[in-house]
Amino acid sequence: MSYAPAPAARDLRVDFFRGIALVCMFWDHLPGNPLGYATLRNFGLSDAAELFVFLAGYGAMLAYGRRYELDGFFPAAVRVLRRAWVLYVAHVFLLAQLMALVFVANEHVETRDFITEMGLGYFLDQPQSALLAGILMQFKPVLMDPLPLYVVLMTLMAGLLPLLVRRPLWVLIPSGLLWLLEKHTGLNLPAAPEGVWFFNPLAWQFLFVIGACCARPRSLLRLRPLERRIGRNIVMPVALGFLAACFLLSLSWRWPDIHDAVVPQSVATLIYPISKTDLDLLRVAHFLVLAWVATTLLRPGRWLEAAPARALRCMGRHSLEVFCLSVLLAPLADAASALAFDLPLVQLGAGMTGVLLMLA
């Protein structure tokens with residue numbers, strides 16, 4: 001007779017880092033807000049989107065991988081699909097709420113055209129087509145891109161769950177090959193009224209699968225002897241040097257003259273464009289190195305019980321609700337700042353008030 005393994009203690013860092021991602025995404029969605037300079041995108045080549053998708057795969061594997069080991073494939077797959085359905089319903093309701101909120105804000109702020117900025121002109125021009133495209137997840141106004149991606153990834157996970165649990169490399173290798181194929185061909189899903197998905201699922205599935213594979217204890221056990229042997233002596237200095245180089249590169253973008261003088265044209269041709277839509281190699285490399293350094297240096301401990309960490313953990317534990325709220329709060333905070341002539345103190349107050357409401 002075989003027994004399922006005992007449940008491992010929950011790693012509180014997962015919720016903590018997910019909370020950081022939620023705050024960063026909210027501040028990134030506030031145009032011109034000074035708080036946007038404190039988010040992850042200003043310190044390297046990846047940002048909160050990579051962190052959120054990676055943790056989505058990691059968290060889903062922790063939850064549904066154990067459910068698969070306890071109950072078998074069908075009950076676990078049903079739970080995964082149920083979660084995908086909840087995400088889809090949240091997307092549809094959030095789309096309707098966001099449109100209503102933006103239309104109201106647009107009537108009260110004469111200095112801005114929120115309808116155009118949020119990509120809602122298609123709905124005014126062709127409401128029936130826009131509604132159908134919204135239901136099919138093809139029409140995604142600004143701020144609405146993550147949820148449809150998450151729906152696709154969770155639906156995909158339902159079918160791959162047995163392999164992710166028993167043979168994670170059998171999923172990781174084809175996932176990486178699909179990511180490389182997308183790089184070569186530019187394949188993407190269509191979006192309405194024109195264009196393609198901002199987060200290409202054929203590319204971003206790779207980071208989701210990496211996160212899911214990292215959640216498997218047997219996969220991590222193979223890396224720990226290597227980490228203990230050379231981690232701090234060799235890998236850590238190299239990793240920190242790579243992160244420093246990425247930070248300097250991202251910092252140079254603010255001063256084009258300095259960037260052109262420091263980065264040779266031959267190097268620029270090689271590394272650009274660092275596409276977010278297609279999940280460029282440098283973005284993946286930067287995030288994975290950053291994640292390894294962060295988890296190596298920030299071991300679980302009493303610091304997670306401090307008030308700021310508890311607040312971030314609380315938001316991370318309820319990530320879907322908090323994310324949906326942040327999408328609605330972003331245009332409200334932007335409109336409030338516009339009504340106050342974008343005064344820095346008002347922008348700071350709107351950004352911090354939004355975070356407090358997300359916590360509440």
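Colleague: What should I know before reading the values?
Modeller: Residues are numbered from 1 along each chain as its sequence is written, and side-chain values use heavy atoms, without hydrogens and water. The model is predicted, so local features need pLDDT of at least 70 and side-chain atom pairs count only at pLDDT 80 or more, while totals for chains, interfaces and linings use all residues.

Colleague: Why is Ser 337 called buried?
Modeller: Buried means under 20% relative accessible area, exposed over 50%, partly exposed in between (1.4 Å probe, protein chains only). Ser 337 has 4%, so it counts as buried. Ser 337 lies in helix 15. Helices are DSSP runs of H or I, at least four residues, numbered from the N terminus.

Colleague: What does Ser 337 touch?
Modeller: Asp 342, Leu 343, Val 346, Gln 347 and Ala 350, leaving out residues up to four places away in sequence. Touching is contact: heavy atoms within 4.5 Å.

Colleague: Why is Ala 336 called partly exposed?
Modeller: Ala 336 has a relative accessible area of 38%, so it is partly exposed. Ala 336 is also found in helix 15, residues 319–339.

Colleague: What makes Leu 40 partly exposed?
Modeller: Its relative accessible area is 26%, therefore Leu 40 is partly exposed. Leu 40 lies in the loop between helix 1 (12–28) and helix 2 (48–71). Among the residues it touches are Cys 24 and Leu 51.

Colleague: How do you know that helix 7 and helix 8 meet?
Modeller: The axes of helix 7 (residues 146–166) and helix 8 (residues 168–185) come within 5 Å and cross at roughly 115 degrees. Axes are lines fitted to C-alpha atoms, for helices over the stretch in contact; angles run from 0 to 180 degrees between N-to-C directions.

Colleague: Which residues make that contact?
Modeller: Leu 160, Leu 163, Leu 164, Val 165 and Arg 166 of helix 7 meet Pro 168, Trp 170 and Val 171 of helix 8.

Colleague: What makes up the nonpolar patch on the surface?
Modeller: Leu 163, Leu 169, Trp 170, Ile 173, Leu 177 and Leu 180, with about 620 Å² of accessible area together. Patch residues have over 30% relative accessible area and no salt bridge; like charges are joined within 9 Å, nonpolar side chains (Val, Leu, Ile, Met, Phe, Trp, Tyr) within 5 Å. A salt bridge is a side-chain nitrogen of Lys or Arg within 4 Å of a carboxyl oxygen of Asp or Glu. Areas come from the Shrake-Rupley method with a 1.4 Å probe; for residues, only the protein chains shown count as cover. Helix 8 gives the largest share, five residues.

Colleague: Why is Leu 180 called partly exposed?
Modeller: Leu 180 has 47% relative accessibility, so it counts as partly exposed.

Technical notes:
Helix = DSSP H or I, 4+ residues; strand = E, 2+ residues; numbered from the N terminus.
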